[in-house]
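Hi,

Here is the structure I promised to pass on. Please have a look at it first, and then read my notes below.

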Amino acid sequence: MKEQSEDERTIERAIFADRLARFVLFPFLFGIAVIAYTKGIPYPLIPIGIVLVAYYITAQITIVLIKRNFCPKWVYLFRLIISMVLTAIAVHYTGGIESPLFILLGISFIMSALILPLKQSIFVFVVGGVAYLAEIWLEHYGIIPHIHIVNAFSANAFQDTTYLLIFSLVIVTVLAGMGTLTGYLIRFLNLQLEELREAKTHTENLVKVLEEARVTLEDKVKERTREIAESEEKYRNIVDKSFDGIYIVQDDVFKFVNTRFEEITGYTAEELKHMDFRELIAPESLELVSERGLKRQRGEKVPENYEFVELRKDGKKIDVEVFATTINYKGRLAVQAYIRDITEKKILENEIRETRDLVDSILQSSADAIVAVDRKGIVTFASKGAEEMLGYRESWIGTHTSKYYAKGMEKAKELEGIVREKEKLENYEIDYIAEDGRIISAIVSASLLRDVNGKVIGSLGVAKDITEKKKLENETREVKNFLENIIESSIDGITTTNNKGVITFASKGAEEMLGYRREETIGTHIYQYYLNGREDARKIMKVLGKDGRLQNYEIDIIAKDGRIVPINTSASLIRDNRGKTIGTMGVYKDITEKKRLEEEIRRRNEELENFVYTVSHDLKSPLVSLQGFASILLSDYKDKIDENGQHYLERIGQNASYMETLTQDLLELSKVGRVVGAFEKVDTSKIIEELTGRVQHLLEEKKIELLLRNHFPIVYCDRNRILQVFENLISNSIKFMGDAESPVIEIGHTDKGEVYEFYVRDNGIGIEKKYHEKIFIIFQRLQDLEGVEGTGVGLAIIKRIVENHGGNIWVGSEKGKGATFHFTLPKRNLGQPYTLPKRQNID
Amino acid sequence: MNSEPVKMLLVEDNDDHVELTKRALRENGILNDIYVVKDGQEALDFLYHRGKYSDKTKAPRPGLILLDVKLPKIDGFEVLEKIKSDPDLKLIPVIMLTTSSRDEEIAKGYAGGANSYVTKPVDFNEFVNKIKSIRLYWVLVNKLPK
């Protein structure tokens with residue numbers, strides 16, 4: 001059945017009501033008009049006609065509006081009202097036939113009631129009533145002319161055929177109206193019936209279709225059944241070959257198992273059919289599985305997916321993962337489960353865990369700070385190293401990295417930018433801020449972190465604390481500056497070269513000494529400044545290569561102005577931390593002046609040598625002749641010369657001998673300055689011993705007691721010269737003993753720290769204080785030492801020897817109270833006291 | 001053996017010393033012919049028979065040479081070197097005589113191949129004693145091949 005909308009129904013009702021009105025009103029008015037015409041009663045045909053036309057027009061307009069669906073309900077209401085008004089007008093002109101009008105009014109009401117909701121019906125009725133009452137009242141007050149058509153007829157109207165006719169017409173009209181109404185009612189009922197019929201046909205069609213569908217379905221079912229039968233084997237295979245074990249348990253017993261389940265458990269399907277499912281659960285999992293199983297059977301909600309330990313037939317335990325659901329199996333509740341052997345997975349999980357633990361412990365044990373951040377810069381991991389480096393006590397996790405940079409967010413943004421652009425960060429120096437506010441410098445390397453799909457999930461940074469290193473660098477720089485200052489302020493020239501001999505540095509001293517600006521020399525080869533070029537370089541490198549150093553080597557350098565500058569250089573190899581030679585360093589002095597002095601000394605020495613030669617030959621030669629001839633004269637002419645003459649000849653001989661001694665001493669003195677023996681460790685007690693032996697007979701002869709005070713030390717000296725000192729002092733003591741009652745010579749020494757002080761003491765004649773200085777001066781003999789041989793050179797010689805050894809000599813004495821000669825010798829080896837500078841022999 | 005007495009060459013510029021040396025030799029009983037030349041040049045001329053010594057009879061090959069160190073023109077060490085580097089002359093014993101007692105001179109003399117080194121002492125008696133040692137060479141020289 002087609003559902004009608006409210007509006008459609010309203011339209012239908014409106015049309016129906018209108019037709020009804022027309023069927024009632026039109027014949028009525030028409031009949032009146034005919035009767036009036038035939039009776040010759042003046043009848044207002046024109047107003048009636050206008051009413052009819054107006055009625056018709058409004059009806060048509062209404063219909064059109066309603067069909068256009070223009071507020072059908074209200075249009076219809078309006079239409080009804082118009083109808084009533086027009087009817088009232090018509091009735092007025094037909095002469096107030098109130099009764100039929102009343103009937104009409106009633107019908108209208110009924111119809112309205114039928115087709116309109118109650119409120120609207122009442123409204124229509126009221127309007128109609130008002131219209132009617134208005135007509136009566138308007139006539140009554142003569143506003144409109146009273147037209148009473150019936151009155152036009154006779155009083156006995158009912159006897160009047162005309163009246164009857166009119167009445168009949170009214171009745172007919174009423175009947176016709178009723179008929180129309182009935183017709184419409186019937187039509188309405190028919191409509192209902194039609195609908196029923198349609199419904200029936202529809203149902204029948206439906207049944208037919210269903211039947212057809214049933215047949216088709218039956219065919220399909222048959223077909224499907226066959227297909228299912230065909231694929232059942234296939235599915236069974238799939239089930240059996242499934243990676244998962246599949247089983248159905250009902251009443252705690254296995255109702256179905258697949259092959260895989262047999263493989264997993266080790267039991268056959270046949271065995272399983274008689275087994276309680278709990279027999280397959282390892283004791284540790286039994287409680288869990290039983291509880292879940294029970295709950296599941298009771299229909300309670302339990303997790304479908306969980307893991308437990310399964311007990312195989314061979315007693316082995318395996319980890320399984322189960323996915324269990326309840327199903328309806330053969331009409332009753334059962335548990336269907338998929339079971340998967342996850343032993344491998346467990347192993348893998350363990351490996352992953354172990355690997356993770358390992359990685360974790362590596363990360364944690366690293367002294368470097370290792371920090372992982374997500375894409376927003378939030379820390380997701382921070383190693384122990386990181387915590388220790390900056391000292392934050394609360395967790396880093398969840399904090400933003402900017403917290404740890406000395407420059408905060410600015411730095412974080414900068415780093416993030418670099419890592420995003422280059423995908424990594426290498427050896428980037430960053431200042432961090434520690435919890436206590438210290439700035440920690442660190443070298444950072446970072447890279448992007450990706451998940452398995454390659455999607456960037458953050459970044460990982462490793463930072464090494466270089467605060468100490470930086471501090472060290474600063475200190476190193478300071479030391480370097482310090483050293484540079486020293487080097488730069490040194491008057492000596494300092495030059496360094498690399499392994500190839502190319503100058504890498506030249507000091508200010510070097511610049512001033514040779515006149516080259518360092519910019520000129522750095523980068524040039526050093527040999528070009530040597531007088532002998534490569535040859536000199538080769539010699540120097542030979543020594544450096546062998547000994548690693550070169551000392552006091554003299555070489556000639558060509559200065560910028562062309563002067564040849566002799567220098568004395570000490571050089572050494574420069575090595576790096578690993579001991580590898582990376583170059584050479586030379587420190588040198590301008591020795592032009594020294595050279596000049598040396599030359600002067602050499603020349604003087606030559607002169608002295610000539611002098612010595614002259615003394616030893618030419619001065620001595622006449623002495624030899626003098627003495628020789630005097631001697632021959634004495635022996636050959638002894639009998640011809642008287643005693644006085646002989647005495648004079650003897651005096652000549654003695655003076656010649658003295659002259660010889662004198663020249664001998666002079667030579668000795670000159671030798672002390674020029675010729676020096678090798679220094680060695682000398683046991684002075686051995687020297688004393690030797691001398692004691694030599695002078696033994698003299699001591700015995702003069703009955704002198706010799707006292708040796710203590711054990712004598714070992715000194716570093718020229719043995720023969722020191723022996724000469726002791727010998728001279730001892731023989732002097734013997735010589736100047738005089739007439740002492742118990743003559744004693746005492747030799748000893750005292751340790752004076754840096755020096756040993758030796759002394760030779762006697763109780764002889766002594767020396768007046770005024771001569772204490774003089775006696776050490778050459779040829780200064782004391783006049784009153786008669787009868788004592790001596791040239792006055794001896795003490796001068798030993799003074800020179802002692803001084804050449806770095807010591808002092810002096811005398812402490814008073815006339816008649818003996819004398820004590822003191823002299824010191826340094827303990828330390830001071831090296832050769834004086835040597836002509838010798839070039840280091842390097843060839 | 002040749003019974004002819006060995007000749008001696010004394011190289012000495014100082015006449016006094018020539019006289020004293022001759023006297024000292026005599027006192028030691030060495031009475032052989034002594035040829036005296038005044039300087040190193042003459043000594044070499046004598047040995048090589050050059051110049052005024054071209055007559056071999058006037059300049060015989062000496063059996064012993066007494067050579068003073070300090071000589072005009074060519075000094076004693078130079079003469080010594082010439083003698084000792086000549087295969088013919090080097091067998092002749094050379095005794096150096098000097099007034100100097102400097103050690104370095106003595107060492108230089110021995111290094112140059114001198115057979116002995118005598119310092120002339122101021123005391124004549126001592127000189128005579130020293131010349132006595134020459135007698136040792138004298139015996140030796142007498143046995144040497146000519």
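Along its sequence, chain B runs through the pattern β-α-β-α-β-α-β-α-β-α-α. Please keep in mind that this is a predicted model. In total, chain B has six helices and five strands. Of its 146 residues, 51% are buried. Among the contacts in chain B with a separation of 6 or more, 65% are between residues 24 or more positions apart.

B:His49 is not a glycine, yet its phi is positive, at about 55 degrees. The residue lies in the loop between helix H2 (40-48) and E3 of chain B. With a relative accessible area of 22%, B:His49 is partly exposed.

**Where the chains meet**

How many residues does each chain bring to the contact? Chain B has 23 residues in contact with 24 residues of chain A. About 2,000 Å² is buried between the two chains, and carbon and sulfur atoms give 53% of that area. B:Lys70, B:Arg102 and B:Val122 supply 35% of the area that chain B buries against chain A, more than any other three residues.

The count between the chains is one salt bridge. It joins B:Arg23 to A:Asp636, with the closest N and O atoms 2.2 Å apart. Five residue pairs are in polar contact between chain B and chain A, both residues being at pLDDT 80 or more. On the side of chain B that touches chain A, helices H1 (15-27), H4 (103-111) and H5 (124-132) each supply at least two residues. The largest share, five residues, comes from H1(B). By class, that side of chain B has five nonpolar, eight polar and 10 charged residues.

**Chain A**

Chain A contains 22 helices and 22 strands. Of its 843 residues, 38% count as buried. For contacts in chain A between residues at least 6 apart in sequence, 54% join residues at least 24 apart.

Strands E11 (residues 493-498) and E12 (residues 503-506) of chain A run antiparallel and are joined by three bridges, with A:Thr496 opposite A:Phe505. Their hairpin has four residues between the strands, and A:Gly501 takes a positive phi near 85 degrees there. The other loop is between strand E1 (245-250) and strand E2 (253-257) of chain A, and A:Asp251 is found in it. A:Asp251 has a positive phi near 55 degrees, although this residue is not a glycine. At 47% relative accessibility, A:Asp251 is partly exposed.

**Salt bridges**

Over all chains, the structure holds 58 salt bridges. Here are some from chain A:

- A:Glu291 and A:Lys295 form a salt bridge with the closest N and O atoms 3.2 Å apart. Both lie in helix H10 (residues 283-297) of chain A, four residues apart, about one turn of the helix. A:Glu291 is partly exposed at 40%, as is A:Lys295 at 26%.
- A:Arg538 and A:Glu535 form a salt bridge at 3.0 Å between the closest N and O atoms. They are three residues apart in helix H17 (residues 534-547) of chain A, so about one helical turn separates them.
- A:Arg761 and A:Glu746 meet in a salt bridge at 3.5 Å, N to O. This pair links distant parts of the chain, with A:Arg761 in strand E20 (residues 755-762) and A:Glu746 in strand E19 (residues 744-751) of chain A, 15 residues apart. A:Arg761 is partly exposed at 32% relative accessible area, whereas A:Glu746 is buried at 11%.
- A:Glu307, A:Glu321, A:Lys345 and A:Lys346 are joined into one network by salt bridges that share partners.

Best wishes

Note on methods:
Residues numbered from 1 in each chain as written. Chains lettered and ligands numbered in written order. Predicted model: local features only at pLDDT ≥ 70, side-chain atom pairs only at ≥ 80, totals over all residues. Heavy atoms only, no water. Contact = heavy atoms within 4.5 Å. Buried area = accessible area lost by both parts, 1.4 Å probe. Salt bridge = Lys/Arg side-chain N within 4 Å of Asp/Glu carboxyl O. Polar contact = N/O pair within 3.5 Å; in protein donor to acceptor, adjacent residues only side chain to side chain. Nonpolar A, V, L, I, M, F, W, Y, C, P; charged D, E, K, R; others polar. Buried < 20%, exposed > 50% of the residue type's maximum accessible area, 1.4 Å probe, protein only. Pairing = 2+ DSSP bridges.
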